[in-house]
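Dear colleague,

Please find the model below, with the sequence. My notes on it follow.

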Amino acid sequence: MTGGTLREGPGYIWRAEPSGAVRQWCELPDALFMNGCTLHPNGRTLLACESASGHILAIDLDQPGRWEVWLQGDRLRPVVPGYPGSNGIKIREGWAWISVSGRRLMVRVPIQPDGSAGHIEIAATRLEADDFAFGMSGSVYITTHPEHTLVRLDPSGARTTLAGPEQGMVGSTACAFEERPATRRCSMLRPMAAF
């Protein structure tokens with residue numbers, strides 16, 4: 001889990017153990033805006049967005065307190081002070097996909113054989129993406145806080161708004177698929193506090 005006091009730092013990573021116990025795993029002194037995270041394909045590293053700088057941090061899951069910058073670049077940085085740069089991150093088929101809210105971008109980077117990040121590619125523009133989830137078809141389901149919508153971005157580039165304020169999307173910052181025996185549907189997650 002990521003967190004910290006917004007725009008004050010430090011940022012933190014907490015680890016939830018199988019027993020349910022939660023402990024601080026890592027303190028990040030310069031992190032002012034910790035955000036989305038996902039497990040690296042190597043299974044030993046957590047990739048976490050630090051939205052103030054736009055950096056993607058690699059947190060070592062074998063050694064508490066150990067971390068490094070995994071990816072950085074102009075396309076990940078925020079444009080407007082206080083607004084998030086890199087925000088959500090997911091892994092799909094050897095690529096790390098990252099929403100960059102303040103630049104209205106969705107980018108992706110290939111994960112190299114040694115686990116490092118390749119070059120940043122733009123996957124979509126003019127998209128107020130917060131966090132997101134991949135459907136089985138490869139479509140990306142994106143919450144657009146503060147636009148209060150859920151948008152599907154198909155592999156072809158086609159976009160469809162699936163829900164808005166009338167369907168309860170106000171304040172939704174992330175979505176996830178709920179697994180059930182006969183269905184797979186997208187659920188919205190509400191923020192604890194809006195930025």
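**Notes on the model**

Phe-134 is buried, with a relative accessible area of 12% (buried means under 20% relative accessible area, exposed over 50%, partly exposed in between, with a 1.4 Å probe and protein chains only). Before going on, the conventions: this is a predicted model, in which local features need pLDDT of at least 70 and side-chain atom pairs count only at pLDDT 80 or more, while totals for chains, interfaces and linings use all residues. Residues are numbered from 1 along each chain as its sequence is written, and side-chain values use heavy atoms, with hydrogens and water left out.

**Aromatic residues**

There are 4 aromatic pairs in the structure. Rings of Phe, Tyr and Trp (its six-membered ring) pair if their centres lie within 6.5 Å; planes under 30 degrees apart count as stacked, over 60 as edge-to-face and the rest as tilted. Phe-132 and Phe-134 make an edge-to-face pair, with 6.1 Å centre to centre and 80° between the planes. Phe-132 is buried, at a relative accessible area of 0%. Together with Trp-97, Phe-132 and Phe-134 form one aromatic cluster.

Arg-15 is over the face of Trp-25, 4.5 Å from the ring centre, and Arg-108 is over the face of Trp-95, 3.6 Å from the ring centre.

**Strands and hairpins**

Helices (H or I, at least four residues) and strands (E, at least two) are DSSP runs, numbered from the N terminus; two strands pair if DSSP finds at least two bridges between them. Strands β2 (residues 11-16) and β3 (residues 22-28) run antiparallel and are joined by 6 bridges; Ala-16 has Val-22 in β3 as its bridge partner. Their hairpin has 5 residues between the strands, and Gly-20 there takes a positive phi near 100°.

β6 pairs with β5 in the antiparallel sense over 5 bridges, Cys-49 having Ile-56 as its partner in β6. In the hairpin of β5 and β6, Gly-54 takes a positive phi near 85°. β6 also pairs with β7, again antiparallel, over 4 bridges, and the partner of Ile-59 in β7 is Trp-67. The hairpin of β6 and β7 has 6 residues between the strands, and Gly-65 in the turn has a positive phi of about 85°.

Since 5 of the 5 residues of β6 are buried, the strand is largely enclosed by the rest of the structure. Ile-56, Ala-58 and Asp-60 point one way from β6, and Leu-57 and Ile-59 the other way.

**Cores**

A nonpolar core is a set of buried Ala, Val, Leu, Ile, Met, Phe, Trp, Tyr and Cys residues joined through side-chain atoms within 4.5 Å. The largest has 17 residues, and those with the most contacts inside it are Ile-56, Trp-70, Leu-71, Leu-76 and Ile-98. β5 (45-50), β6 (56-60), β7 (67-71), β9 (95-100) and β10 (105-110) each give two or more residues to this core. Apart from it lies another core of 11 residues, among them Ile-13, Ala-31, Leu-57 and Leu-61.

**Thr-2**

Thr-2 lies in strand β1 (residues 2-4) and counts as partly exposed at 21% relative accessibility. The C-alpha atoms of Thr-2 and Met-34 are 5.8 Å apart, although 32 residues separate them along the chain. The Thr-2 side chain reaches the backbone oxygen of Asn-35 at 2.6 Å.

Regards

How values were computed: Lys NZ or Arg CZ within 6 Å of the ring centre and 35° of its normal. Polar contact = N/O pair within 3.5 Å; in protein donor to acceptor, adjacent residues only side chain to side chain.
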